[in-house]
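Here's a quick briefing for anyone opening this structure for the first time. Have a look at the model below, then read on.

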Amino acid sequence: MGSGPGPLERLIYRWFGISPNEEMTWTRYAIAFMMLSVVGIGALTTFSIANDVAKYFAIIPAAFAATYPVLDVLNSMRLATPRSAILSAVIFNALIIIALIPLALRGVRYRPLGADRILRDNILLYGVGGVIIPFAGIKLIDLLLVALGLAR
């Protein structure tokens, strides 16, 4: 780690009224701590937004391709039926919410790195993961529904 805060850290400090060269009272520290805890919430929000975008790209083409044939070009997952596409997405959503509860309660692990590195790592992990995991999860659930004969 460098000798002082990086450009992104300085911007965040300035934004929240934190001076790295001054001592803080306990109330000011508590407020700064709560404001900076947004990073953990930001990781979950990044995953949630990416997850929603991926689900819409999975559901909309499959559900509306019969009505709007031009959408079939976007139907890259080739889910069994419109009903199984929606059911798979709903089941996946229920499972991912349960899976994210421990992360929400525990928070993101603190690492003594610069803010720009933490931001990049969180966007890569939660953003990219939030896009890839729904596609794989929804497809697996769809395949399971077909195997069980529930995709009509």
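This is a predicted model: local features need pLDDT of at least 70, side-chain atom pairs count only at pLDDT 80 or more; totals for chains, interfaces and linings use all residues.

Residues are numbered from 1 along each chain as its sequence is written, and side-chain values use heavy atoms, with hydrogens and water left out.

**The whole chain**

- The protein chain has five helices and zero strands, with helices (H or I, at least four residues) and strands (E, at least two) taken as DSSP runs numbered from the N terminus.
- Along the sequence, that reads as α-α-α-α-α.
- Of the 152 residues in the protein chain, 28% are buried; buried means under 20% relative accessible area, exposed over 50%, and partly exposed in between (1.4 Å probe, protein chains only).
- Take the contacts in the protein chain between residues at least 6 apart in sequence: 69% of them join residues at least 24 apart.
- The accessible surface of the protein chain is about 10300 Å², and 71% of that belongs to carbon and sulfur atoms; such areas come from the Shrake-Rupley method with a 1.4 Å probe, and for residues only the protein chains shown count as cover.

- Leucine 79 sits in the loop between helix H3 (38-64) and helix H4 (82-106).
- Because its relative accessibility is 7%, leucine 79 counts as buried.
- The C-alpha atoms of leucine 79 and leucine 140 are 9.8 Å apart, though 61 residues separate the two along the chain.
- In the largest nonpolar core, which has 16 residues, those with the most contacts inside it are Met77, Leu79, Phe92 and Ile138.
- The elements giving two or more residues to this core are H3, H4 and helix H5 (115-147).
- A nonpolar core here is a set of buried Ala, Val, Leu, Ile, Met, Phe, Trp, Tyr and Cys residues joined through side-chain atoms within 4.5 Å.
- As background, nonpolar side chains tend to be buried together in soluble globular proteins.

**Arginine 78**

- Arginine 78 lies in the loop between H3 and H4, and it has a positive phi of about 50 degrees although it is not a glycine.
- For context, most residues other than glycine have a negative phi.
- Arginine 78 counts as partly exposed because its relative accessibility is 48%.

**Serine 88**

- Serine 88 is in helix H4, and its 0% relative accessibility is why it counts as buried.
- The side chain of serine 88 reaches the backbone nitrogen of aspartate 142 at 3.3 Å.
- Leaving out neighbours within four places in sequence, serine 88 is in contact with Ile138, Ile141, Asp142 and Leu145.

**Aspartate 116**

- Aspartate 116 is part of helix H5, and it counts as partly exposed because its relative accessibility is 45%.
- Aspartate 116 and glycine 6 are 110 residues apart in sequence, yet 7.8 Å apart in space, C-alpha to C-alpha.

Methods
A polar contact is a pair of N or O atoms within 3.5 Å; within protein, one must be able to donate a hydrogen and the other to accept it, and residues adjacent in sequence count only if both atoms are side-chain atoms. Contact means heavy atoms within 4.5 Å.
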